[in-house]
Amino acid sequence: MEGKIAVPGGKVWYRRTGGGGVPLLLVHGGPGYPSDLLFEAFEPLAGEREVIWYDQLGVGRSDPLDDVSLLTVDRFLDELGAVIEGLGLRRPHVYGHSWGAMLGLQYAAQRAPDWTSLVCANGVASVPRFQEELQGLMAGLPGDVLDRTYGRELRGETDDPDYWAAQEEYLRACVVRTSTISLDAGRMSLLTFRTLIGHADYHITGTLKDWDIFPELGRIRVPTLVFGGEFDECVPTHLADIAARIPDSEHITQPGAAHMGFLEKEPLRSEYISTIAAYLARIESRPRPT
């Protein structure tokens, strides 16, 4: 079933599939990439539970926007709450990828939601730390990738054709290592990405540049899986530190995967999904607190 639901600022598109079990809500990343990228990988889980996708406002099939005042973290948090309430989701599992995981962490820390669990997948808790770690990771790649990307941005040399070749090398090393799926900008809302991020994940000049939720992670009372890849641009040590601050959490690193394990070739894609499915099952097997 597909439809649209009212959220602050407009209406967002959603899709519900499957049924039974505790529902799983998927919160996509980007910021600005649509939820399409999650469809194929997560649909198998609809055999055991309802799975819900939605495109954030201004992205994909949701209402467009040109008012950057709507592109705030608080409004995206309100949007997440409006989707859960508007669709009548009771104690859902909430999976957030990358930017979606950041929203999940902040929502869980500040709004004390009644969720069955949170899956913080390939997402960070501090943008300044993330940018520093990613630049260090890129500096260690062969072929001077950091200077050919970030360095050229600082020098105003992005018209050099090799700049785009270096971008592809960065993506293949840290974001998607094996998939042939294109992450072209035509799929995303550039307004959303440029406003919140700026240039790129390794060169953040947008409104998220100072975002840091680390001091508040100890307030999270939702069982949480912190999940990332061995070669993830969100490095395993960062994710381990997130898990260490959340009272009821697990940290898992997927061998061989980067930032988008759900897009990797088999068997990495199936391993990514099965890791999440197994966690949801473990949480559901616990006695529910009275």
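**Aromatic pairs and a helix crossing**

Tutor: In this predicted model, Phe-227 has a relative accessibility of 1% and so counts as buried.

Student: Which ring does Phe-227 pair with, and how are the planes set?

Tutor: Phe-227 pairs with Tyr-272. The ring centres are 4.9 Å apart and the planes stand at 40 degrees, so the pair is tilted.

Student: Where do Phe-227 and Tyr-272 sit in the chain?

Tutor: Phe-227 is in strand E9 (residues 224-229) and Tyr-272 is in helix H9. They are 45 residues apart, and the pair links distant parts of the chain.

Student: Is Tyr-272 buried or exposed?

Tutor: Tyr-272 is buried, at a relative accessible area of 1%.

Student: How many aromatic pairs does the structure hold?

Tutor: Eight. One of the ring pairs is Tyr-163 with Trp-164. Their centres lie 4.9 Å apart and the planes are at 80 degrees, which is over 60, so this one is edge-to-face.

Student: Buried or exposed, for Tyr-163 and Trp-164?

Tutor: Tyr-163 is buried at 7% relative accessibility, whereas Trp-164 is exposed, with a relative accessible area of 56%.

Student: Which residues do ring pairs link into a cluster?

Tutor: Tyr-150, Tyr-170 and Tyr-202.

Student: What about charges over rings: where does Arg-61 lie?

Tutor: Arg-61 is over the face of Trp-13, 4.6 Å from the ring centre. Arg-75 lies over the face of Phe-76, with 4.6 Å to the ring centre.

Student: Switching to helices. At what angle do the axes of H2 and H3 cross?

Tutor: At roughly 80 degrees, with the axes of H2 (residues 73-86) and H3 (residues 99-111) coming within 10 Å. That angle makes H2 roughly perpendicular to H3.

Student: Which residues meet there?

Tutor: On the H2 side they are Val-73, Asp-74, Phe-76, Leu-77, Asp-78, Leu-80 and Gly-81. On the H3 side they are Trp-99, Leu-103, Gln-106, Tyr-107, Gln-110 and Arg-111.

Student: And by class?

Tutor: The contact of H2 with H3 has seven nonpolar, three polar and three charged residues.

Student: Back to H9. What does Arg-282 contact, leaving aside neighbours within four places in sequence?

Tutor: Glu-250 and Ile-252. Arg-282 lies in helix H9, which runs over residues 268-284.

Student: How far is Arg-282 from Asp-241?

Tutor: Their C-alpha atoms are separated by 22 Å, and the two are 41 residues apart along the chain.

Student: What is the relative accessible area of Arg-282?

Tutor: It is 37%, so Arg-282 counts as partly exposed.

Note on methods: Residues numbered from 1 in each chain as written. Predicted model: local features only at pLDDT ≥ 70, side-chain atom pairs only at ≥ 80, totals over all residues. Heavy atoms only, no water. Axes fitted to C-alpha atoms, helices over the stretch in contact; angles between N-to-C directions. Helix = DSSP H or I, 4+ residues; strand = E, 2+ residues; numbered from the N terminus. Parallel < 35°, antiparallel > 145°, perpendicular 65-115°, else oblique. Contact = heavy atoms within 4.5 Å. Nonpolar A, V, L, I, M, F, W, Y, C, P; charged D, E, K, R; others polar. Buried < 20%, exposed > 50% of the residue type's maximum accessible area, 1.4 Å probe, protein only. Phe/Tyr/Trp six-rings, centres within 6.5 Å; stacked < 30°, edge-to-face > 60°. Lys NZ or Arg CZ within 6 Å of the ring centre and 35° of its normal.
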